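Here are some exercises to work through with the structure open beside you. Try each task yourself, then read the steps below it.

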Amino acid sequence: MSNPIYKYAALQSRWIKTSADLCVEAYEPESEHMAFDGIHGTHVILRLDATDRTLYVAVRGTLAARDWGANVMVRKVKFDKDGSRVHRGFMRRVQGVWLGLLVEILRRQATYDRIVFTGHSLGAAIATIMYSNTKTYGFPGENPAIYLCAFASPRVGNAKYARRFVGDTHVVMFRDNNDIVTWIPMINFRRIAVPLIHFDTRGKFHVNPSRTFLLRDLFQGVWSAMRQFNFNPVQDHDMNKYKALVWRLFDNQ
């Protein structure tokens, strides 16, 4: 527990590492875990860790053409009456899968004490709104502990939505150096106010680095890649790389 991440977020290393595993698996055509597809193609896999009594809800990121359709629906829609607004395409994906997924989650209610929502890219944005739903409206019956572990997430909503997460120790986000997806949409969208674990050009991690540091590291990464004729924003967005960085991070503790 000496990792500085634990100063900011309550997620255990085993939950984060399992989340990374499942986010990679969500891209595989066949999963050993229960798979669920919503009406808009939102692909989710559920894994119950009976020993740890933890239910993982992992959402796949962009893969098909219709996923790109969701990404470009950048007009914001109402999330809550406090003025919180979120990306229309992300919200639409949640709405298309949420009721059916909630039934599957509740069917397993006697088997878990906590739920970890997780996802990569588009999946991370969808998982963030799912997490917000549970925190805002709860579950019928017993309310389990809820966590969110997001990899390479785009920005989800406006400033009021981002501020809903202030002080929430059950959420952590991971970003790799040149991953451009984590910076968009740029106009009138804000990153949610939770711990950000940023991996720099050398693969070292930094918790909540300053904007100045992020910009400097971004340009260092671009310059280093161009010198090697290997500009790598796509490579840095790959979930397999995130998994490798996360496993190395916790294996070194």
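Predicted model: local features only at pLDDT ≥ 70, side-chain atom pairs only at ≥ 80, totals over all residues.

**Exercise 1. Find which residues of helix α2 are buried, and what they pack against.**

Step 1. Residues are numbered from 1 along each chain as its sequence is written, and side-chain values use heavy atoms, leaving out hydrogens and water.

Step 2. Now look for contacts (heavy atoms within 4.5 Å). The buried residues of α2 pack against several elements, including strands β2 (43–49), β3 (54–59) and β6 (114–120), as well as helix α9 (239–251). Helices here are DSSP runs of H or I with at least four residues, strands are runs of E with at least two, and both are numbered from the N terminus.

Step 3. Check the length of α2, residues 13–25: the helix reaches 18 Å from its first C-alpha to its last, close to the 18 Å expected at 1.5 Å a residue. The expected span is 1.5 Å times one less than the number of residues.

**Exercise 2. How is the ring pair of tryptophan 15 and tyrosine 147 arranged?**

Step 1. Start with the whole structure, where a search finds 8 aromatic pairs. Rings of Phe, Tyr and Trp (its six-membered ring) pair if their centres lie within 6.5 Å; planes under 30 degrees apart are stacked, over 60 edge-to-face, and the rest tilted.

Step 2. The centres of the tryptophan 15 and tyrosine 147 rings are 4.9 Å apart with the planes at 55°, so this pair is tilted.

Step 3. Tryptophan 15 is in α2 and tyrosine 147 in strand β7, so the pair ties together parts 132 residues apart in sequence. Both residues are buried.

Step 4. Compare tyrosine 161 and phenylalanine 165: 5.4 Å centre to centre and 70° between the planes, an edge-to-face pair. Tyrosine 161 counts as buried at 0% relative accessibility, and phenylalanine 165 does too at 2%.

**Exercise 3. Which residues have the most contacts inside the largest nonpolar core?**

Step 1. A nonpolar core is a set of buried Ala, Val, Leu, Ile, Met, Phe, Trp, Tyr and Cys residues joined through side-chain atoms within 4.5 Å. The largest one has 42 residues, and Leu101, Ile115, Phe117, Ile129 and Met130 have the most contacts inside it.

Step 2. A second, separate core has 30 residues, among them Tyr6, Val24, Val172 and Leu245.

Step 3. Zoom in on isoleucine 129: leaving out residues up to four places away in sequence, its contacts include Phe79, Val86, Phe90 and Tyr161.

**Exercise 4. Is asparagine 158 buried or exposed?**

Step 1. Find asparagine 158 in the loop between β7 and α6 (159–163).

Step 2. Its relative accessible area is 12%, so asparagine 158 is buried.

Step 3. Not counting residues up to four places away in sequence, asparagine 158 touches Lys76, Gly83, Ser84, Arg85, Asn188 and Arg190.

Conventions. Buried < 20%, exposed > 50% of the residue type's maximum accessible area, 1.4 Å probe, protein only.
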